[in-house]
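Visitor: I would like to learn how to read helix ends, helix faces and helix packing. Please show me a case.

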Amino acid sequence: MDDKSSQLIDVGQLRRGLFIQLDLGWMDHPFPRGSFKITSSDQIRTIRALGLTQVRYFPDRSDPEEPPSDFGAIPAIGEPRVADVAQDRLQAEARALQAQRHQQLAAQQASLQHCEQRFGEVARLYQRVVEEVPARPVAMREQCEALVARCVAEILVDGEATIRLLSEGSGESQATHPANTMVLALLLGRAVGLPAHGLAELGIAALLHDLGKQQLPAQLRMRDERYKPEEMAIYRSHVGESVKTGRRMGLSAWALQAIGQHHEMADGSGFPAGVQGEDMGTGGKVLALVNRYDRLCNPPVMAQALTPHEALALTFARHKACFDAEVLGAFIRMMGVYPPGSVVQLANERFALVVSVNSTRPLKPRVLVHDPAVPPDQALILDLESVPEQGIRRSLKPAQLPASARAYLAPVSRVRCFYEHQPPARAPAAA
């Protein structure tokens with residue numbers, strides 16, 4: 001923020017509508033941000049309780065002065081003892097706000113840690129399946145069923161389960177794609193109304209849909225448009241190999257159908273059978289969409305990767321006919337306009353990273369905002385729904401960020417996600 005456009009003002013002159021900046025360390029005040037527009041008398045009292053005599057304000061970002069009123073006024077108190085009591089009360093309020101901030105930060109960090117841990121459990125199980133399914137197919141199916149059942153139970157508890165962006169994984173793992181696909185499929189399955197047993201079957205199919213690739217030569221396991229016809233035929237055979245492996249594991253007919261259709265398209269342009277949408281099962285429709293979306297975000301060659309926002313926009317604008325209309329509509333509502341992992345610029349020009357979405361308010365996701373005054377590991381996630389005046393101006397590629405914002409937000413190159421339950425709504429916070 002440019003100090004040249006700011007002025008110092010006595011705390012006694014604070015009023016609603018002033019955009020101010022507290023020249024304090026993030027631990028020295030209880031507000032989510034060091035710069036914000038004053039919206040209440042409580043904020044004025046808290047600022048005065050900090051012991052400051054002056055604060056910096058920005059005329060160009062402040063509202064015009066309102067007609068004189070007693071807003072924010074603290075009556076003069078003649079008795080020193082009573083004044084001391086009032087000052088103690090204000091300081092206690094400031095400490096309470098600071099404690100609330102610490103509680104929110106602790107809850108935020110605990111939720112992320114839980115999501116990271118659960119994603120790791122899924123990835124490690126998939127690695128074991130790859131290694132042990134040839135010798136122990138039934139035992140591996142039972143372990144997958146137990147893990148998926150736990151996920152389904154968590155997703156179906158009261159409250160909205162949303163997608164949470166995770167930090168960058170350590171290296172590329174063959175388990176990242178099946179884990180992402182399972183998470184997205186379960187959430188989308190819930191959105192289209194699948195019951196608990198249907199979600200369990202869908203989760204198994206999503207986790208194991210690419211298992212047949214282990215039967216292919218390593219150099220032909222990832223789609224490449226430069227393949228010769230015979231090489232493409234080998235690549236496409238992984239679908240049938242996945243169905244064969246699933247059958248040896250004892251998967252249900254419903255799950256096997258979903259696996260067999262995870263590359264089919266509603267317009268008949270998919271493979272291996274080229275079936276039309278009306279001949280696809282619900283599991284196949286869901287799995288085909290989430291599989292395609294994750295591959296757009298996480299392709300084998302990362303130079304070809306799309307941002308989550310680009311992947312969703314491309315799917316809707318150019319490939320809408322490839323997917324079932326009802327399933328695609330539910331997916332777009334679930335992902336929001338700016339899916340987790342999207343880099344955006346807010347209306348106030350700040351840069352931010354979308355970390356989770358609110359399916360009921362697709363334009364108001366939860367974001368991590370670049371704020372040099374707050375260390376990245378101590379920054380509170382901002383729910384844009386709690387800031388009605390704030391919105392997203394545009395989506396960006398990570399390379400378009402200034403170096404300082406890119407280092408702060410650390411947008412991931414490979415998108416990893418899990419589900420979390422939406423935290424309770426908080427009082428509006430300044431952005």
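Visitor: At the start of α11, which backbone nitrogen does a side-chain oxygen of Asp324 reach?

Guide: This is a predicted model, in which local features need pLDDT of at least 70, side-chain atom pairs count only at pLDDT 80 or more, and totals for chains, interfaces and linings use all residues. Residues are numbered from 1 along each chain as its sequence is written, and side-chain values use heavy atoms, without hydrogens and water. The side-chain oxygen of Asp324 comes to within 3.1 Å of the backbone nitrogen of Glu326. Just after the helix, Gly336 has a positive phi of about 75°.

Visitor: Which residues of α11 are buried?

Guide: Buried means under 20% relative accessible area and exposed over 50%, with a 1.4 Å probe and protein chains only. In α11 (residues 325-335), the buried residues are Val327, Leu328, Ala330, Phe331, Met334 and Met335. Seen down the axis of α11, they fall within an arc of 160°, so they line one face of the helix. The face turned away from that side carries exposed Ala325, Glu326 and Arg333.

Visitor: What do the buried residues of α11 pack against?

Guide: They pack against β5 (161-165), α4 (176-191), α9 (282-297) and α10 (308-318).

Visitor: At what angle do α4 and α5 pack?

Guide: Two packed helices are described by the angle between their axes and the distance between the axes. For α4 and α5 (residues 196-208), the angle is about 155° and the axes are 8 Å apart. The two helices are therefore roughly antiparallel, a term for angles over 145 degrees. Residues in contact (heavy atoms within 4.5 Å) include Met182 and Leu186 of α4 and Leu199 and Leu202 of α5.

Note on methods:
Helices (H or I, at least four residues) and strands (E, at least two) are DSSP runs, numbered from the N terminus. The arc is that of the directions from the helix axis to the C-beta atoms. A polar contact is a pair of N or O atoms within 3.5 Å; within protein, one must be able to donate a hydrogen and the other to accept it, and residues adjacent in sequence count only if both atoms are side-chain atoms. Axes are lines fitted to C-alpha atoms, for helices over the stretch in contact, and angles run from 0 to 180 degrees between N-to-C directions. Angles under 35 degrees count as roughly parallel, over 145 as roughly antiparallel, 65 to 115 as roughly perpendicular and the rest as oblique.
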